[in-house]
Amino acid sequence: MDTAAANVAPFPASRIRPRAGLVLTGGGARAAYQVGVVKAVRDILGNPVKNPFPIVCGTSAGAINAATLAVFADNFSRAVGSLLEVWEHMRCEHIYRTDAWNILKSGARWLGAMMLVSRNNPVSLLDNEPLARMLEKNLDFQRIQTHIDSGALYAVCVTASGYTSGQSVSFFQGGSGVEGWERNQRIGAGVSLKLEYLLASASLPFIFPAVKLNREYFGDGSMRQIAPVSPALHLGADRVLIVGTGRQNVDQARTRSSVYPSIAQIAGHALNSIFLDSLAVDIERLERINRTVRLVPPDRLTDSGLRMVKVLYITPSQPLERIAARFLHDLPGTVRFILRPTGALSRAGSNLASYLLFEESFCRALIDLGYEDTVSREAEVRALFEPEAKDAT
């Protein structure tokens, strides 16, 4: 894929400074892949203390990784180390309750609602209270403003989806000159980031509970996010590293199947549509605009309102659902119990399980894959941080 792309500049040209952005997408447990990528970037750049990504944007599980990098923005190598410490020792019980009583109680609520026995809507399939406790313990959100004031960080952004308005809202905290934006069904709102924004962004539909922010309940930010790269550009990034959690542009022969798809296959397909498809479309849009910008004469480019944005897009070289299939036995027994009827414990249904497999074995495998995929593109990573001729003047 061409590593250069462009977009219409939403940021006033008079305030543009060379700033690299990092975009971390959603994907539940698949977000461990992102940790391998940033680990490789750290090593390629020589274990820097200075944060190479003044602008960090995340969605869903990627929002948690982005917030961690922002909280420890005064020392990038330490920030990556913090991510590794968490993800390399991850357990499902750190993210959601796996005890039998809680699982049975949740299942009974869903069964009662479907049989119209209960008038109360079930809030979610799983209780992510352990995730809230872990984030509250590990992340001091007040440090974000300290790093913005010191210049170690320029802006951090997490995106959530409003269940009432249908809007994709990017909640950002940034330095002077950063302003909110409003586009069709997507807006940017300046806030002081806190725990609730992360929980809202990472609320997988049906699986984790929605979170009320101000006047509205919000869920996973990947829903209705038609332009995942846009927040980084609005915040002023002139080069962006995008880390996806699904393979893109893979030519696969269409296969014949006479077996009706399981619930897990359908749910996994729906989650892929939420987390992967919009990013692929946004990348294609960037490439098209890039080709258009190249047709504009250099002497007219400044007046056109267009600007070039270098983009490096890294995605898994292997299907993560196939890796997940090797580690399904590591899921807690209670989780396997509720997933078995859906078909998620079969190879064909492992796509759904890959989003919930917050276990050390699977996460370490994804970290290793992310590291290898990024190191194999070392020259492109280095090129992303090389200043353009105009920046050097």
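User: By about how many helical turns are Arg382 and Glu378 separated in helix H15?

Analyst: Please bear in mind that this is a predicted model. An α-helix has 3.6 residues a turn, so residues three or four places apart point the same way. Here, Arg382 and Glu378 are 4 residues apart in helix H15 (residues 378-385), which amounts to a separation of about one helical turn. Their side chains form a salt bridge, with 3.0 Å from N to O. Arg382 is partly exposed at 40% relative accessibility, and Glu378 is also partly exposed, at 31%.

User: How many salt bridges does the structure hold, and which parts does the pair Asp74 and Arg143 tie together?

Analyst: Side chains of opposite charge can pair when their charged atoms come close. The structure holds 10 salt bridges. In one of them, the side chains of Asp74 and Arg143 meet at 3.3 Å, N to O. Asp74 belongs to the loop between H2 and helix H3 (76-87), and Arg143 to helix H6 (residues 142-150), so this pair links parts 69 residues apart in sequence. Asp74 has a relative accessible area of 35% and is partly exposed; Arg143, at 23%, is partly exposed as well.

User: Is Glu359 buried or exposed, and where does its partner Arg91 lie?

Analyst: A residue counts as buried under 20% relative accessible area. Glu359 has 6%, so Glu359 is buried. The side chain of Glu359 forms a salt bridge with that of Arg91 (3.0 Å, N to O). Arg91 lies in the loop between H3 and helix H4 (100-114), while Glu359 sits in the loop between helix H13 (350-356) and helix H14 (360-375); the pair therefore joins parts that are 268 residues apart in sequence. Arg91 itself is partly exposed, with a relative accessible area of 38%.

User: At roughly what angle do the axes of H1 and H14 cross?

Analyst: The axes of helix H1 (residues 32-44) and H14 cross at roughly 40° and come within 7 Å. H1 is therefore oblique to H14. Their crossing is right-handed. The residues in contact include Tyr33, Val37 and Val41 from H1, and Leu366, Ile367 and Tyr371 from H14. The residues of this contact comprise 13 nonpolar, 3 polar and 3 charged.

Note on methods: Residues are numbered from 1 along each chain as its sequence is written. This is a predicted model: local features need pLDDT of at least 70, side-chain atom pairs count only at pLDDT 80 or more; totals for chains, interfaces and linings use all residues. Side-chain values use heavy atoms; hydrogens and water are left out. A salt bridge is a side-chain nitrogen of Lys or Arg within 4 Å of a carboxyl oxygen of Asp or Glu. Helices (H or I, at least four residues) and strands (E, at least two) are DSSP runs, numbered from the N terminus. Buried means under 20% relative accessible area, exposed over 50%, partly exposed in between (1.4 Å probe, protein chains only). Axes are lines fitted to C-alpha atoms, for helices over the stretch in contact, and angles run from 0 to 180 degrees between N-to-C directions. Angles under 35 degrees count as roughly parallel, over 145 as roughly antiparallel, 65 to 115 as roughly perpendicular and the rest as oblique. A crossing is left-handed if the near helix is turned anticlockwise from the far one by less than a right angle, and right-handed if clockwise. Contact means heavy atoms within 4.5 Å. Ala, Val, Leu, Ile, Met, Phe, Trp, Tyr, Cys and Pro count as nonpolar, Asp, Glu, Lys and Arg as charged, and the others, Gly among them, as polar.
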